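Please open the model in your viewer and keep the selection panel at hand. The tour below moves from the whole chain to individual residues.

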Amino acid sequence: MDSRYNPAAIEDKWQKTWLELGLDKTPTASNKPKFYALSMFPYPSGSLHMGHVRNYTITDVIARLKRMQGYRVIHPMGWDAFGLPAENAAIDRGVPPAKWTYQNIAQMRQQLQRLGLSIDWECELATCSPDYYKWTQWIFLQFLQAGLAYQKEAAVNWDPIDQTVLANEQVDNEGRSWRSGAIVERKLLRQWFFKITDYAEELLNDLDKLTGWPERVKLMQANWIGKSTGAYLEFPIIGIDEKIAVYTTRPDTVYGVSYLVLAPEHPLTNRVTTKEQQAAVEVFIKEVSNQSELERTSEDKPKRGIPTGGVAINPFTGEEVPIWIADYVLYEYGTGAVMGVPAHDVRDFKFAKNYDLPINFVIASQDDVAGFDLTPTSEIDGVTQLVEVDYKQAYTEPGILINSGAFTGIASTDAKQAIIEYAEKQGFGKVRVQYRLRDWLISRQRYWGAPIPVIHCPNCGIVPVPDKDLPVQLPEEVEFTGRGGSPLTQLESWVNVPCPTCGTPAKRETDTMDTFIDSSWYFLRFPDAKNEQQVFDSSKVNDWMPVNQYVGGIEHAILHLLYSRFFTKVLRDRGLLNFDEPFQRLLTQGMVQGLTYLNPNKGGKEKWIPSNLVNSADPRDPQTGEPLQRLYATMSKSKGNGVAPEDVISKYGIDTARMFILFKAPPEKDLEWDEADVEGQFRFLNRVWRLVTDYVAAGVSRKQAQSDLTKAEKELRRAIHTAIQAVTEDLEDEYQFNTAISELMKLSNALSDADKNSPIYAEGIRTLVMLLAPFAPHIADELWHLLGESNSVHTQTWPSFDPVALVADEITLVIQVMGKTRGAIQVPAQADKAALEKYARESEIAQRYIEGKEIKKVIVVPGKLVNFVVS
């Protein structure tokens, strides 16, 4: 038996043993309560980083704990394998996307398996595999049948040189294509959408069911859905039989409208533009078409606009208002038009000032209208008197309506409803509930994604690919140039097919699906991952779902989690699922940060200096000698501050890496990597190793504990059961792994000072190893076997604490004189106030300080202290 802890000698051994024993396989019997532990599956980039290690370690601790607590556990892993990087690799290096992806999967699978995670690899899936995306396509057809999938024109990023659509990530901050350098244009293409807006209200309301989610994530989703109640109002256009519809949450300001703004791409723009303005409007529209949505809506950029020459009527006042177009109004948002009320909107105020447009105040504070006659006339559009207020900026607070016809004098909060009701009676408006959420654009004009399974027939229109013909497989003989659109459009042998309905020559859809589609249902496939006959067996999925604990990054708080919730609800409504929400509890782990060096003065730009090039004692730029800033930042290649997991594992072992990651910070907080703290955990595991090996080497026979324990044995047993209680609570409530490990350290310290020959010591050693098992599984199993056990520690029942053991026979009673602590004594825990005072009076400590003095008062705090007030 080696007296030294050598991780390399035991970790491979135990991983092979676990595999042979099948400890991580998903149980098929349902005679135990279930627990579904899931980490967000990774994109197969080719290498694990410390963020991965943290995520998967957290989930693994939970899965191991639940198995020991008697649950049947599913703990699967897969690959979010479609996406742009594989196509880029094909363009840059001539490697087919499938080959590049599967090579990366093999490499990352090996790295993950090296971590000793209790994953059931028989559930493994890859979203780029035809046996997975067959069912992704089948789900698309379910959406199509339900009326939740449709095509319409939408704007995309277009590279005019390469003649291809670009993802947002392929457009730099100057609006240029990452490859050709061309200024990117906005172009309208027919695109596929999912009607997530049909589920907006349920997605919002059901956030209340997610009691196991962080509040900030629920708030982020609620804000993204963005429900608001306001007014839908119509402004007639002079000269044509059309109206401009706007949605506003501020109908109380409608009397202050001084202009209307259409999105440049609005269908009415051309119709309202006069001949005099046509040339200028066309130039402006072309300029705006080259801007991204982000540029157009950015808060820190001045808003640009131009008058169309067209004029509309404010139906509330009968007054004419000019029609403009502006870059900040998007056709996809709301009605694609807004009413300009510069007096009561900060953005409109700046716009009006810039273009010298009227600013009409129609709300003022109570104090500013004191003394004015605000009694409305009987005529709805009559004005009692013009109330002038001298505001230097937009007034956006609640107040009293002024200059607002019959609504003058009403509180603005009350006026909203009154004005909507009036608009409804007059036929030019109504109440409307609106959502910020827009339908989900799922089309991607690129190769490496799941093909959309429809055929376009000149006679039948859009025809779904029959189920028997799924999957529509990606062709392999494809040339990648990065030019000329999706490679799929250029493969006539793949594109040209007969219509499944009428046999007429037709064409396949060449768009592929957004990769978020793949990740919106993968958790439903894991419980039945090898099913070739159906998307999944509903009885199996309804048994295992919902996921009990989902672990992943906060960056997925909105899109992935929202889309997954949407898919779950749609598939429920299709009769496949019997639950409403996919994830019961959500843990968003913090980032892993590394020590980072920054030269803030490098040519006017910040420059990150790789930490391996810096002398940490005197950090300076190796090229210029300038002093560097030292800080912690999220690990990344660009910052040169990463720590390779394999380097840590080869030096300290997997269990040490796990222990550090779990101990350094609570899971939801960012973690600062520190080599010294890693060494600290390595020393702790060495201490546990020595405790067990010294005990085994001493050859102490296991004895039956006596009913009458010594004082020392009672204290040790209390320490043991305090550790069981504390570690269990830390792992069940808020997953405070760091404080749980602190409790293990306390138990280790208690055992270090105890008598090895006591049967209580044997209980303590075994308990320590069992409590350690979820955190450091390899060393725990090795020590368990050194203790003479034949089964794996991971098959043991998680220990439960004995409440009796937690009750102390004695307590420490502090003795104070005049409020100043003079010492402490041990007294029976059950002593009442009178007894405590007696013990204190008779103690040597009290005698020393109160002898010869008159005791005026004795203050007894049961279980804590006795304080003597003397004169």
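How many helices and strands does the protein have? In this predicted model, there are 27 helices and 33 strands, and the C-alpha atoms fill a box of roughly 100 × 85 × 65 Å along the principal axes. Of the 871 residues, 51% are buried.

Begin with helix H2 (residues 50-68) and select Thr-59 within it. Because its relative accessibility is 0%, Thr-59 counts as buried, and its side chain is joined to that of Ser-39 by a polar contact of 2.6 Å.

Next, turn to the backbone. Most residues other than glycine have a negative phi, and most peptide bonds are trans. Select Leu-470 and Pro-471, which are joined by a cis peptide bond with omega of about 0°; Pro-471 belongs to the loop between strand S20 (461-464) and helix H13 (492-495). A cis peptide bond also joins Met-545 and Pro-546, with omega of about -5°, and Pro-546 sits in the loop between helix H16 (538-544) and strand S24 (547-553).

Then select Asn-403, in the loop between strand S15 (400-401) and helix H12 (412-426), where phi is positive at about 50° although the residue is not a glycine. Asn-403 is buried, with a relative accessible area of 14%. Tyr-735, in the loop between helix H21 (711-732) and helix H22 (737-752), likewise has a positive phi, near 55°, and is buried at 4% relative accessibility.

Finally, select Glu-668, Glu-729, Glu-732, Asp-733 and Glu-734, which form a negative surface patch. Glu-668 comes from the loop between helix H19 (654-664) and strand S29 (671-672), and its relative accessible area of 35% makes it partly exposed.

Technical notes:
Residues are numbered from 1 along each chain as its sequence is written. This is a predicted model: local features need pLDDT of at least 70, side-chain atom pairs count only at pLDDT 80 or more; totals for chains, interfaces and linings use all residues. Side-chain values use heavy atoms; hydrogens and water are left out. Patches are made of residues with over 30% relative accessible area and no salt bridge: like charges are joined within 9 Å, nonpolar side chains (Val, Leu, Ile, Met, Phe, Trp, Tyr) within 5 Å. Accessible areas come from the Shrake-Rupley method with a 1.4 Å probe; for residues, only the protein chains shown count as cover. A salt bridge is a side-chain nitrogen of Lys or Arg within 4 Å of a carboxyl oxygen of Asp or Glu. Lys and Arg count as positive and Asp and Glu as negative; His and the chain ends are not counted. The place of a charge is taken as NZ of Lys, CZ of Arg, CG of Asp or CD of Glu. Helices (H or I, at least four residues) and strands (E, at least two) are DSSP runs, numbered from the N terminus. Buried means under 20% relative accessible area, exposed over 50%, partly exposed in between (1.4 Å probe, protein chains only). A polar contact is a pair of N or O atoms within 3.5 Å; within protein, one must be able to donate a hydrogen and the other to accept it, and residues adjacent in sequence count only if both atoms are side-chain atoms.
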